[in-house]
Amino acid sequence: MTINARVKKLPIRADWWSKTLCGALLGFTLAFALTGLFAWLGPGGISAPHKVQFVMWLIAPLWMLAFTACYFFRSGLQAFIWLLLANGLAYTGLFSVNGVLR
Amino acid sequence: MKIRSDLLRIHQSLHTWVGITTGALLFIGFFAGALTMFKQPLERWISAPAHMLPSVAPASRDKLVSELLLQHTAARHEFTLHLLPRENVTAPVVWSEGESHELQLSGERWQATLNQQGELQAEKITPDMFGELIDMLHRTAGIPGTLGGEYIGVYIMGIAGIMYFLALVSGLVLLLPTLVKDFLALRPGKNRKRFWLDAHNVIGIASLPYHIVISLTVIVFAFHDFFYDGLAEVVYREQPMFTPPAPKVQEPYQVQTLMPVSELIARVQQAAPQFVVDELLFMDLETVRPRVRVAINSAQYILQGPQSGYVIIHPYTGELLDTSMLPTQADAWSLTTTSFFALHFGTYGGNMMRWVYFFLGLGGAFLFYSGNLLWIESRRKKQKQGQAAVVQARNTRWMAAATIGICLGSIIGTLASLLAGKWLFTAADNINNAYLSVYYAAFLLAIGWAFYRGAAVASVHLLWLCAAASIAVPATSLLSVLLPSLRLWAHSSPAALGVDLTALAAALMFVYGARLTARRVNHGPRDSVWSARRLAHE
């Protein structure tokens, strides 16, 4: 049995506190960064009239999706690692877009 | 669909815990929310004719407004002109002294009309806030207190909204493996718990899109200030977010040069020919940035607000300043955000959609009520393994009592304060304070009774009380007609009669519920929290 197959057989850990914390915090920051990317790169760019309100509305659904996703990870640690990675990517994108398009 | 059992177990716990912790709050939010769908009819039902000033003919509106602004300078800051006479519109123009956007129960309000000689007749009143209080109950679940200019209850409901979204997803995961088999299966019969679970599932799945919309909008309504601040900080930075156009004038406007209201109304009507113009809110008339927010209605279009859509117009130039909330003229971004609001408020199809939302709201309330009851029953089942009859643990009994007390207590409290609006009208100094005292007294008494007598016995009593309070609504109207000496009043508009009829129907439902519950309490399994009969060794 390969290591990979053995890992798959391990039961998913509940890890209530770490997964919830991860979803509440990192899920939120991720949603913010993705929303920011949409604000800059989405239709009309950053200064499209009346777009701000729509952009704000995006935060909640993206946050909630990331939040619920956390409970599907094998462990709280895994959730943290993946969300940190996603956050890193999203913020790198946001800050470079911010610098280039400004 | 097959789902790993460990994943199911995790979502089972998640669903249970978020449900148990937020169920009672969300019940109040949904029950009161269902009522806000008919906030206006409720206000019309309760509105006292004693406060009424006669409306003015459309031709006299220009004179009314110019007289008002001349004689009452406070109105130059803000006043409302009502165009459509209704029982809850007590006068054609209404304004307040001093400014506040929070709910003020004893806030002084002025209203005026033109008398038969064409003179301005103004008076100070205490406005009836019943509709606003129902709305507050909906938004805060009745949790008092403010924090930094916002109601604490709103934040708590925002957090409940987050947990409620988690409950929706975990509930869906739980249901997926048996979705096809169980969907629309409602199995009555011996197994009561099965029946309740089926009902919980079918309502949950059938109204899932509605619930997703509500949970997400609640989060946005509670936290949008923080979201905007964060966006300004992280995303927009130097980019402007909301830039009102620079004022075109240096000197504040003078009310003497105001455009006649008839002309303003005509311009709005021209821009929105399919809409009915309902009311005009004049703001900051003697500044460089005066504006009028015009509320418009149509059953054919989606509307931004809980009651109406809006257009902003300049009161001196008649220029339309903002049509982004007018569905026929808005761009794609505004139209989309307007629809988010409309999806929460149910303002996209007139009264038909209001009824749909009313029942979706009550369905939601049932979802949380049944969810809590299911948890309580499953505790019994869990404990039963290895024991003949379960001695109910204290926390289960308390949870049952709290569920019954809070849920039924909020219904009784709301109905009691609706009745107080008529019965205590002459006795109360300020009817708005009476609404609050009556609501909280009934609510807390119901909870106290549920803990004192236990969930089983109390649930029957409280359901009968719900039925009695409901039947008292049309009975009050009937009495006011039969016995004029009581100095009550009843309105005969379809909206007000609709309140009477709906309360009558609700009373029948409560009687049915009370009888069913009584049967279970007296004849159901003794070891359930829903049994009044004690176990031998207790």
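**A loop proline, the chain contact and the nonpolar cores**

B:Pro260 is placed in the loop between α8 (208-236) and α9 (261-271) of chain B (helices being DSSP runs of H or I of at least four residues, numbered from the N terminus). The model is predicted: local features need pLDDT of at least 70 and side-chain atom pairs count only at pLDDT 80 or more, while totals for chains, interfaces and linings use all residues. Residues are numbered from 1 along each chain as its sequence is written, and chains are lettered from A in the order in which they are written.

B:Pro260 counts as partly exposed because it has 14 C-beta neighbours inside 10 Å; a residue with 20 or more other C-beta atoms within 10 Å of its own is buried, one with 12 or fewer is exposed, and one in between is partly exposed, with C-beta atoms placed from the backbone. From B:Val18, B:Pro260 is 242 residues away in sequence and 56 Å away in space, C-alpha to C-alpha.

Chain A gives 24 residues to the contact and chain B gives 29 residues, where contact requires C-beta atoms, placed from the backbone, within 7 Å.

The largest nonpolar core has 129 residues, and those with the most contacts inside it are B:Phe27, B:Ile412, B:Leu462 and B:Cys466. Such a core is a set of buried Ala, Val, Leu, Ile, Met, Phe, Trp, Tyr and Cys residues joined through C-beta atoms within 7 Å. Beyond its neighbours within four places in sequence, B:Phe27 contacts B:Ala365, B:Phe368, B:Tyr369 and B:Cys407. Another core, of 33 residues, lies apart and includes B:Val94, B:Trp95, B:Tyr253 and B:Ala272.

Note on methods: Helices (H or I, at least four residues) and strands (E, at least two) are DSSP runs, numbered from the N terminus. Two residues are in contact if their C-beta atoms, placed from the backbone, lie within 7 Å.
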